[in-house]
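Me: I have a chain here and want to know what stands behind the terms used for it. Please set each value against its definition.

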Amino acid sequence: MARILMVVTGADGLTLADGTVHPTGYWAEEVAASHQVFRDAGVEVDIATPGGVRPTVDPISLDERGGVEAADAERFRAYLDSLADRLAEPLALAGLSAADYDAVYVPGGHGPMEDLAHDADLGRLLADADRRGKVVAALCHGPAALLSARGEDGGFLFAGRSMTAFTDAEERQGGLGDAAPYLLESRLRERGAVIEAGPAWTSRVVVDGNLVTGQNPQSTVDTAKRVLAALETAGAA
């Protein structure tokens, strides 16, 4: 049975450009729908956060402020309730090894921009996973987590790799805009990533070897399915 490590942000706020803190966390759909795709495929999923802290769901990911219809919000809430025990006591990143997993999967919400982008334990884990050829996957704002990974030369591990992420256009249209501490697409480009963005608010998944990235919440199910396909190709599923 394949085994996936889902790394969820532990941040419940994002420090904005003006120094104020915006309430945030993980995006409900990206955790719930991804986990369901993996579970339905018979894949074992462990959930981890920095320090093993209990993650916080972004409140706008469960209502109309986040463009989420009531029926979908109820469905995501019910699935997250089924994960309540695991979310209450996630694993701590510091005690984990990439050797124990077939893939590392990072869902979004604005939270990863606050903590995962700078987490040394995650950076070590991602670098080890990539070196071993394990699947490394990130969704929406989750690719901020990739910024934590450094190569042997100290530079951005994923420089020169093709990927996608929540775009600057999407951040300005339906996110925090210029109030954000940085625009994720621009930051990844600055570090040397090759961004392949699709139209705003449509599903877009980019695969570059063992690296799988999805652009936005609309990409959630497709991203999770591409991870399963990558695991099957690698003989892990």
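Me: What makes up the accessible surface of the chain, and how much belongs to carbon and sulfur atoms?
Reply: The surface comes to about 9700 Å², and 47% of this belongs to carbon and sulfur atoms. Such areas come from the Shrake-Rupley method with a 1.4 Å probe; for residues, only the protein chains shown count as cover. This is a predicted model, in which local features need pLDDT of at least 70, side-chain atom pairs count only at pLDDT 80 or more, and totals for chains, interfaces and linings use all residues. Side-chain values use heavy atoms, with hydrogens and water left out, and residues are numbered from 1 along each chain as its sequence is written.

Me: Why does Leu231 count as buried?
Reply: Leu231 has 1% relative accessibility, so it counts as buried (under 20% relative accessible area; exposed is over 50%, partly exposed in between, with a 1.4 Å probe and protein chains only). Of the 237 residues of the chain, 54% count as buried.

Me: Where does Leu231 lie?
Reply: Leu231 is part of helix α8, residues 220-233. The chain has eight helices and 11 strands; these are DSSP runs numbered from the N terminus, helices being H or I with at least four residues and strands E with at least two.

Me: How do you know that the radius of gyration agrees with a compact globule?
Reply: The rule, over C-alpha atoms, is 2.2 Å times the number of residues to the power 0.38. For 237 residues a compact globule would have a radius near 18 Å; the chain has 16 Å, which agrees.
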